Amino acid sequence: MNMRNIKRFFSGLLLIAAVLMLDSCIFEDKIDRTIHRTVLVYIGADNNLTNTANSNIYSMNSCVSSGMDNYNLLVFVDRKGTVPALLHVHNFKIDTVAKYPNADTTDPDLMRQVIDDVTRDWKAESYGLVLWSHGTGWLPTKQLHYVASNMGYAPRRAFSWEDRPGESPSYNCMELDQLVEAIPEGVFDFIAFDACFMGSVEVLYALRHKADYIMSSCYEIVSYGFPYHIVTRDFLYGNMIKACDEFYKYYYNMTGWEQMAGISLVETAKLDSLARCFRKVVAENKEKIPEVDISTLQCFDRFNRHVMFDLGDFVDKLEPSSKLLSEFRLQLEECVPFKVSTPYVFPGDLKDQIKVEKYCGMSVYVPIKWYDEGGLNRDYRLTEWSQDTDY
């Protein structure tokens, strides 16, 4: 083989190697660019939380660097004085990718549309949903003034709250059944509620087919909300226990009234078994329930008429048979893989302070006779939890 042929031979080898390397790089790039998870943060802030929404979005932006191309963070936000929009938060940038003129964030059709838009245009192997706004758990909007009378303030939302100045009523809210209607089944790995009181068993049970895990609080969340500069990556990576723990530690290290945080993670597949067990507890103690002394129960709300009580403490106080109590505690433990709470709700405020001695990770309403007068018990029996447990 002469020198010219030798050169051609080695040039050919180099060309083949280069092609193979190029093909290998392309293949690897395709793997690297697979979108592992898309997280949608749905923010209803056309109310007194507008400024908090702005700061939270900037906190999210501080976490999503150029090294996170395999993850999508989409934020739907409705703020005072702006057109509701869908934002893509990436590479330290915030891009508007869609607008929704004249939209109402408390409209279940809008929520469903936003979810459909995101899952269609930002496809991924899995999805997460963060629901951000005001919240009062299972309570219907019409009952909020009843439970909060004589408080000096009256909450105006079941989930989310949109101001409607000049109209009557001057606000609109999304009811629990509308929220259930808005969220599709089989899409989300997790739902995280950055909203107060959404850790009620009534809410969690109603949403049990909507996500594998639900992160929520049984009591109020400080208005700053989740520490997004810390937990945004946990949401994108699906590290939900870590997200719960980081939320708790962030507020535990605060001082004064801000040192308050209760959070839990519920595995929704276990809620049906919990409901079946609770139904047996109810059947055994049917006559006791209307006469329960709620002043002895661990409560979490500051309403004039308390409606959010620790589920585990309530069952303990009913004193079911030892076998049934053991079964319920086991079901509850399996249902809630993570729960943690600070010692107080509103520490340092003698008027509103609530000592947290029991925190099982879920709250429950107690239909005592006193609540018949305002129709609260009648409304409660329309919830799926009440109907399925005969409670």
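Predicted model: local features only at pLDDT ≥ 70, side-chain atom pairs only at ≥ 80, totals over all residues.
**Exercise 1. How do helices H2 and H7 pack, and which residues make the contact?**

Solution. 
- Step 1: Locate the helices. H2 covers residues 50-61, and H7 covers residues 228-237.
- Step 2: Take the geometry. The angle is about 60°, and the axes lie 8 Å apart.
- Step 3: Name the arrangement. Roughly perpendicular begins at 65 degrees and roughly parallel ends under 35. H2 and H7 are therefore oblique to each other.
- Step 4: The crossing of H2 past H7 is right-handed.
- Step 5: List the contact. H2 brings Asn56, Ser59 and Met60, while H7 brings Tyr228, His229 and Thr232.
- Step 6: Sort the contact residues of H2 and H7. There are 2 nonpolar, 4 polar and no charged residues.

**Exercise 2. At what angle do H9 and H11 pack, and what classes of residue form their contact?**

Solution. 
- Step 1: Locate the helices. H9 is residues 271-284, and H11 is residues 322-335.
- Step 2: Read off the geometry. H9 and H11 pack at about 155°, with axes 9 Å apart.
- Step 3: Apply the cut-off. Angles over 145 degrees count as roughly antiparallel, so H9 is roughly antiparallel to H11.
- Step 4: H9 and H11 cross in a left-handed way.
- Step 5: Find the residues. From H9 come Leu271, Ser273, Leu274, Cys277, Phe278, Lys280, Val281 and Glu284. From H11 come Leu324, Glu327, Phe328, Gln331, Leu332 and Cys335.
- Step 6: Sort the contact of H9 with H11. It holds 9 nonpolar, 2 polar and 3 charged residues.

**Exercise 3. H10 also packs with H11. What is the angle, and which residues touch?**

Solution. 
- Step 1: H10 spans residues 311-318.
- Step 2: The angle between H10 and H11 is about 175°, and their axes are 11 Å apart.
- Step 3: H10 and H11 are therefore roughly antiparallel to each other.
- Step 4: H10 supplies Leu311, Gly312, Val315 and Asp316 to the contact. H11 supplies Leu325, Phe328, Arg329 and Leu332.
- Step 5: The classes in the contact of H10 with H11 are 5 nonpolar, 1 polar and 2 charged.

**Exercise 4. What lines the second largest pocket?**

Solution. 
- Step 1: Start with the volume. The second largest pocket has about 340 Å³ of space.
- Step 2: Turn to the lining. It has 13 residues, and those closest to the centre are Trp138, Leu176, Asp177, Leu382 and Thr383.
- Step 3: Find the elements. Helices H5 (176-182) and H6 (201-206) each give two or more residues. H5 gives the largest share, 3 residues.
- Step 4: Sort the lining of this pocket. It splits into 6 nonpolar, 1 polar and 6 charged residues.

**Exercise 5. How many cavities of 30 Å³ or more does the structure hold, and what lines the largest cavity?**

Solution. 
- Step 1: Count. There is 1 cavity of 30 Å³ or more.
- Step 2: The largest cavity has about 30 Å³.
- Step 3: List the lining. Thr38, Val39, Leu40, Ile115, Val118, Thr119, Tyr127, Gly128 and Phe188 line the largest cavity.
- Step 4: Assign elements. Strand S1 (37-45), helix H3 (108-121) and strand S5 (126-132) each give two or more residues to this lining.
- Step 5: Sort the cavity lining. It has 6 nonpolar, 3 polar and no charged residues.

Definitions and conventions: Residues numbered from 1 in each chain as written. Heavy atoms only, no water. Axes fitted to C-alpha atoms, helices over the stretch in contact; angles between N-to-C directions. Helix = DSSP H or I, 4+ residues; strand = E, 2+ residues; numbered from the N terminus. Parallel < 35°, antiparallel > 145°, perpendicular 65-115°, else oblique. Left-handed = near helix turned anticlockwise from the far one by under 90°. Contact = heavy atoms within 4.5 Å. Nonpolar A, V, L, I, M, F, W, Y, C, P; charged D, E, K, R; others polar. 1 Å grid on protein atoms, 1.4 Å probe; cavity = no way out; pocket = protein on both sides within 12 Å on 5 of 7 lines; lining within 4 Å. Points joined across faces, edges and corners; volume = space filled by probe spheres on them.
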